[in-house]
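Take a moment to look over the model below. Then we'll walk through a few of its parts together.

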Amino acid sequence: MSAVIEGKGGFRAWLNKRMPVDQFVADQLTGYYAPKNFNVWYFFGSLALLMFVMQIVTGIFVTMHFKPGDATAWDSVQRMVREVPYMWLIQPMHAVGASFFFIVVYLHMARAFLYGSYKAPRELLWLIGMLIYLALMAEAFMGYVLPFGNMSYWGAQVIINIFGTIPGIGPDLVEWIRGDYGIGDATLNRFFSLHVVALPFIIALLVALHLVALRQVGSNNPDGIEIKEKLGPDGKPIDGIPFHPYYTLKDIVGVGLFLTLFAIVLFFVPTFGGLFMESPNFEPANPVSTPEHIAPVWYFTPYYAILRAVPNQRIGALLMALSIMAFLFLPWLDRAKNKSMRYRGFASKVLLGTFFVAFLMLMWLGLKPADPLYVVLARICTALYFAFFILLPFVSRADGNGPVPERVTYHAH
Amino acid sequence: MSDHAADAAVPEVDESRRKFLIAATAGTGAVGAVLTAVPFLASWNPSESARAAGLPTEIDLSKMEPGQMTTHFWRKKQIYVVKRTPEMLASLTSHDGELKDPKSEESDQPAYARNEARSLRPDVLVLIGTCTHLGCLPKTRFTPGDATVMANWPGGFFCPCHGSKFDLAGRVFEGSPASVNLVVPPYSFEGDNKLIIGVDPAAQKGAA
Amino acid sequence: MPIKFASVAAAFALLLGAGAVSADEGGHAGWQRQADNEIGNLPSLQRGARNFMAYCSGCHSLRFMRYSRLAEDLKIPDDQRDQFLVPASKKFTDYLVSSMPTKDAAEWFGRAPPDLSLVARSRGSDWIFNFLTSFYADPASRQTGVNNLQLPGTAMPHVLASVQGVQNAVWRNEEQPGPDGKPIATRVFEKFEPGVVGSMAPEQYDEFVRDTVNFLQYVGDPTQLEREGLGIWVVLFLLMFTGIAYMLKKEYWKDVR
């Protein structure tokens with residue numbers, strides 16, 4: 001091993017004089033201590049990064065053949081998957097990848113709820129993450145419009161019209177977003193530019209800031225304690241282990257498992273029963289024919305269900321916006337001393353569990369037509385959703401202030 | 001509870017097992033990465049649309065006058081088709097000494113065009129109209145004796161970009177920046193008057 | 001750790017099953033059947049191609065499918081392709097576009113016959129199968145003389161009448177709650193009865209339609225079989241990689257106590 005390094009000694013020294021490579025590795029990898037008690041919920045950050053890279057790479061290749069424009073977009077997608085070698089695989093990778101990206105992101109966010117990862121000193125980390133989430137939603141929405149299938153068209157129609165409910169500026173805003181009196185060439189082309197150029201840059205920048213913020217405060221853990229408070233004789237946290245090699249190797253296993261699941265879906269059920277690639281989008285955009293059920297893709301449906309639950313369009317839109325904004329206040333709504341749910345009382349666990357169930361129910365309801373029974377359920381779940389944020393300050397203060405554990409719980413694995 | 005067994009005996013680190021597993025993981029990962037790159041790189045190959053557009057081009061020779069040249073497109077390349085007169089053919093024998101590659105040994109043409117006339121049939125010349133120097137379109141200078149090209153000009157092509165000169169079989173003259181003769185594409189005839197660019201003679205139809 | 005892994009895997013498998021089955025299914029009415037076509041059955045696909053060219057291509061295009069691609073995938077030799085598939089006016093690399101002018105068709109039928117390249121993906125094989133098998137005589141209310149259970153009020157005439165014949169629909173009257181809750185007499189479909197006889201028996205016709213649906217499913221997703229074949233190898237490779245990576249991880253994590 002050392003002989004190899006010595007052989008590189010010349011080049012390595014040359015490189016390090018000009019760029020702090022070894023320093024970086026020592027600081028960020030072998031010298032960065034992460035809590036040793038990470039569990040399965042801690043895979044999703046690195047998986048999110050993997051999906052970001054995958055979407056960029058597949059997106060680059062899809063863009064080589066996609067022709068933005070209301071007359072050419074739909075055809076260009078069909079021709080590319082049928083006529084360009086291997087695009088039958090790469091284009092679905094991009095479409096399925098978008099859904100997997102959101103699965104990973106939602107699980108990544110869920111971890112924060114379970115272990116209080118949004119609490120001080122990680123509020124800014126959480127806020128940057130929320131900005132990434134918002135940017136990702138915009139990116140996915142615009143990406144879905146690009147193929148200009150019938151659901152692309154009508155989904156865009158519905159979502160853009162929501163902006164019309166803003167008092168005063170609404171209708172003008174809608175026209176400004178569209179660039180035309182209806183959804184068409186202008187809208188498609190600007191969405192293309194934003195989706196391919198602007199938003200990927202913004203998301204990449206936000207991800208970099210997210211990682212810098214994480215590095216600054218260090219990672220939280222399932223026991224919710226700050227490992228930096230207990231240092232060993234070597235000056236390193238006694239409950240911490242170097243990120244490299246322990247978490248680099250563990251994350252590689254996570255990547256392998258995740259890619260296996262991704263491959264199973266991509267190769268065998270890419271439409272995932274119409275959830276990942278919706279049937280109406282296999283027809284070109286038709287301004288005079290709406291699909292039977294207009295629904296956004298599954299990752300937007302919780303908020304769509306909240307929008308539809310309210311009989312008044314304006315208030316529904318407001319409530320929908322609030323439901324997303326509510327996440328931003330989480331670090332300050334949560335008043336418990338114990339970050340992790342493990343050490344909070346039964347009430348806190350029930351409250352969080354109810355929120356998760358309500359969120360998943362809303363996701364399911366948003367996919368369904370607005371039948372009377374579903375509307376009633378959506379209203380109940382919307383109430384439960386907001387109840388979580390309203391009750392959190394009280395419940396967290398009531399049973400989240402028990403004794404904070406001294407050390408992490410770790411079982412060898 | 002958890003195992004904070006910091007005081008327990010630390011087992012020996014099996015370095016060789018670790019090295020083996022690192023190699024196995026890295027090796028498999030590298031193979032996977034290469035295999036993953038294959039579809040992406042392969043997507044750059046010509047698509048079915050490109051291949052459909054690159055099908056052989058058929059040209060009707062019956063309307064061509066002797067001494068006339070027509071231009072066509074095949075696989076995004078300009079093709080020159082010349083109906084050569086007997087005089088044009090006669091002019092090919094007189095200047096072998098002034099040519100860089102009179103026998104077309106270094107140049108690019110199908111086997112059936114590796115003759116003095118560089119063609120399957122002497123009366124029809126088929127060339128790719130791209131100068132073998134840096135790719136400009138050579139202009140026709142079919143009139144023999146045209147002193148503006150050079151002394152004792154037998155007739156042929158002149159490239160305006162850097163002055164390369166070619167005879168009526170596309171062979172390059174000494175003194176030209178180009179070093180090889182103009183390229184002859186694959187072609188064949190169907191009957192007397194149909195020229196098919198892109199298919200060799202006696203090959204399967206549609207195989208080029 | 002093994003329990004966590006098992007539960008994650010189980011949850012995923014459940015989601016997979018639910019996802020793959022649920023969202024598209026729309027709920028089958030009693031009379032609706034499944035297409036049951038086998039995409040890997042090459043003779044069936046070839047027959048379907050023949051059926052399509054004979055009965056459908058007059059009005060319906062498959063504008064994303066080239067004759068050459070069709071012949072290659074369905075293993076139809078070049079000479080048969082040129083003789084039976086490619087019309088005289090077209091090149092073998094051309095797309096399958098019907099010669100019926102769209103504007104005129106819209107005038108004649110009220111609606112231009114749609115392109116069918118992706119109908120198997122937008123409507124599904126079962127829908128097409130039920131559409132083609134549920135035409136019935138309805139001279140009273142339809143100009144074409146036929147109506148359709150899967151798509152009531154369809155503008156399409158029963159092009160396959162010579163093959164299937166024209167069946168009659170038997171209805172019964174039922175009292176069903178109306179929009180205001182009060183019972184209204186509604187007509188409910190009961191079953192089909194043979195009417196005008198065609199050249200094929202019902203089971204034969206079902207096979208005929210099945211082949212055609214099979215062909216349309218192939219046209220909608222020509223690389224399905226290739227994708228699934230490649231997928232097996234990819235998944236196996238990834239499982240192997242994950243296994244090796246896991247052993248490496250375990251080896252190093254012995255250090256952590």
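Predicted model: local features only at pLDDT ≥ 70, side-chain atom pairs only at ≥ 80, totals over all residues.

In chain A, the axes of helix α6 (residues 123-145) and helix α9 (residues 185-217) come within 9 Å and cross at roughly 160 degrees. Here helices (H or I, at least four residues) and strands (E, at least two) are DSSP runs, numbered from the N terminus. Axes are lines fitted to C-alpha atoms, for helices over the stretch in contact, and angles run from 0 to 180 degrees between N-to-C directions. α6(A) and α9(A) are therefore roughly antiparallel to each other, a label for angles over 145 degrees. α6(A) passes α9(A) in a left-handed crossing, meaning the near helix is turned anticlockwise from the far one by less than a right angle. Sorted by class, the contact of α6(A) with α9(A) has 22 nonpolar, four polar and one charged residues.

Residues are numbered from 1 along each chain as its sequence is written, and chains are lettered from A and ligands numbered from 1 in the order in which they are written.

Now hop over to chain B, where three strands make an open sheet in the order β1-β9-β8, with antiparallel pairing. Two strands pair if DSSP finds at least two bridges between them. β1 (57-60) and β8 (187-190) of chain B are the edge strands, each pairing on one side only. From one strand to the next, the twist averages 25 degrees. Four bridges join β1(B) to β9(B) (residues 194-197), and I59(B) has L195(B) as its bridge partner in β9(B).

How many residues of chain C are in contact with chain A? There are 35, and they meet 35 residues of chain A; contact means C-beta atoms, placed from the backbone, within 7 Å. On the chain C side, α1 (2-21), α6 (119-122) and α10 (224-253) each supply at least two residues. α10(C) gives the most, with 16 residues. By class, this side of chain C has 22 nonpolar, six polar and seven charged residues. Ala, Val, Leu, Ile, Met, Phe, Trp, Tyr, Cys and Pro count as nonpolar, Asp, Glu, Lys and Arg as charged, and the others, Gly among them, as polar.

Terms used: Contact = placed C-beta atoms within 7 Å. Parallel < 35°, antiparallel > 145°, perpendicular 65-115°, else oblique.
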